[in-house]
Amino acid sequence: MHLVHVQLRSNDDRALLDDAPARFMVYAEPRDRLEHVSVARRPPGRHTLGLFFSSPALADAETAALRLMLRALRSDAFAGWAIERCEAALVTRPLAF
């Protein structure tokens with residue numbers, strides 16, 4: 001399972017709809033291998049999506065995330081939103097427990 005973060009911003013500081021995760025799932029195609037979507041609400045007009053993919057490789061998940069987001073943002077439901085970032089969050093040093 002791979003997690004890809006997508007940072008979105010709106011052109012008018014609005015919030016995503018409460019059912020945004022379900023709405024994004026509608027735009028997924030079987031080849032995307034999308035399993036789950038979560039939303040972290042940020043300051044007005046900015047949100048981070050967590051897209052979880054069952055892709056075999058991280059690069060495949062990142063490509064699928066971008067494809068999916070472009071499909072969704074071309075729709076009327078997400079008009080006025082733009083992608084700021086779309087990538088997996090990489091850990092740069094070992095985590096201490």
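Is Asp 19 buried, partly exposed or exposed, and what is its relative accessibility? Asp 19 is partly exposed at 37% relative accessibility, where buried stands for under 20% relative accessible area, exposed for over 50% and partly exposed for what lies in between, with a 1.4 Å probe and protein chains only. The model is predicted, so that local features need pLDDT of at least 70 and side-chain atom pairs count only at pLDDT 80 or more, while totals for chains, interfaces and linings use all residues. Residues are numbered from 1 along each chain as its sequence is written, and side-chain values use heavy atoms, with hydrogens and water left out.

Strand E1 covers residues 2-10; strands (E, at least two residues) are DSSP runs numbered from the N terminus. Its covered face holds His 2, Val 4, Val 6, Leu 8 and Ser 10, whereas Leu 3, His 5, Gln 7 and Arg 9 lie on the uncovered one. Strands pair if DSSP finds at least two bridges between them, and E1 runs antiparallel to E3 (residues 46-53) through 8 bridges, with His 47 as the partner of Leu 8. E1 also pairs with E4 (residues 81-87) in the antiparallel sense over 6 bridges, and there Gln 7 stands opposite Arg 85.

The whole structure has 8 salt bridges, each a side-chain nitrogen of Lys or Arg within 4 Å of a carboxyl oxygen of Asp or Glu. One of them joins Arg 9 and Glu 84 at 3.4 Å, N to O; because Arg 9 lies in E1 and Glu 84 in E4, the pair ties together parts 75 residues apart in sequence. Asp 19 meets Arg 23 at 2.9 Å, N to O.

Definitions and conventions: Helix = DSSP H or I, 4+ residues; strand = E, 2+ residues; numbered from the N terminus.
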